[in-house]
Amino acid sequence: MKKEKPHFEHDCDCCKFLGTLTLPEDNETSKRYETTVFDLYFCKQEIFGDTVISRYGNKGYEYSSGLRFAEEGEFGHPNLLEAKQRAIKLGYLPQFDHDCDACIFLGSVSYTKDSEEYKKARYKITDFDLYICPSGLNTLIARHGSEGWEYLDREYYELEDQVNIDKYPALAEARKRAIELGHLSK
Ligand SMILES: [Zn+2]
Ligand SMILES: [Zn+2]
């Protein structure tokens, strides 16, 4: 992504800038906010949870936010939907549905079909969302679809074994990230 600067002032240190979005003048969202330029952000918040933000002016209140509005349709906001899609692409938000509240998202991973990891892997899958579930046994999870059963999981200690690391590269990656982020001790 090219290096872009925000158009408006924004004072949250947690926010990650996702670039600007320019909409046509006659777009409904442009009319509603009286601007064609929107600065998009992803904000990782401990208390309120992750969110996306779309700023349309310099004043403190001149922004809209909320993942629940980041959808298509009557109540959706296209500027927030665009922010969500960019955040998913950058690995800040998961691409698949996952319904365990205890799980900590560790980012996504993507393997090309000619990568060593993909060739050695037991299941030929390219895209995963990675989690550690701290409830219980520190289970590592690699989700590859939004259906309930579309995930792989192993306990952290099973992933110290090279055979398992080769068979489940996404889970081994999840373990590595969990250690780096301090969710799992070595
Ligand atoms: Zn923020
Ligand atoms: Zn969980």
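1. Which residues is tyrosine 41 in contact with, leaving aside its neighbours within four places in sequence? In this predicted model, the list is His10, Cys15, Lys16, Phe17, Leu18, Val52, Ile53 and Ala83. Contact here means C-beta atoms within 7 Å.

2. Tyr41 also belongs to the largest nonpolar core, which has 17 residues. Tyr41, Phe42, Val52 and Ala83 have the most contacts inside this core. At least two core residues come from each of E1, E2, E3 and helix H2 (78-89). E2 gives the most, with five residues. In soluble globular proteins, nonpolar side chains tend to be buried together.

3. Four strands make an open sheet, ordered E1-E2-E3-E4, and their pairing is antiparallel. Strand E1 (15-22) and strand E4 (63-65) are the edge strands; each pairs on one side only. From one strand to the next, the twist averages 25°.

4. Within the sheet, look at E2 and E3. Strand E2 covers residues 37-43 and strand E3 covers residues 51-55. Five bridges join E2 and E3 in the antiparallel sense. Leucine 40 has serine 54, in E3, as its bridge partner.

5. Last, the domains. The domain assignment gives domain 1 as 15-89 and domain 2 as 104-180. How far apart do the C-alpha centres of domain 1 and domain 2 lie? The separation is 31 Å.

Definitions and conventions:
Residues numbered from 1 in each chain as written. Chains lettered and ligands numbered in written order. Predicted model: local features only at pLDDT ≥ 70, side-chain atom pairs only at ≥ 80, totals over all residues. Pairing = 2+ DSSP bridges. Axes fitted to C-alpha atoms, helices over the stretch in contact; angles between N-to-C directions. Domains from an automatic or database assignment. Core = buried A, V, L, I, M, F, W, Y, C linked by C-beta atoms within 7 Å. Buried ≥ 20, exposed ≤ 12 C-beta atoms within 10 Å, placed from the backbone. Contact = placed C-beta atoms within 7 Å.
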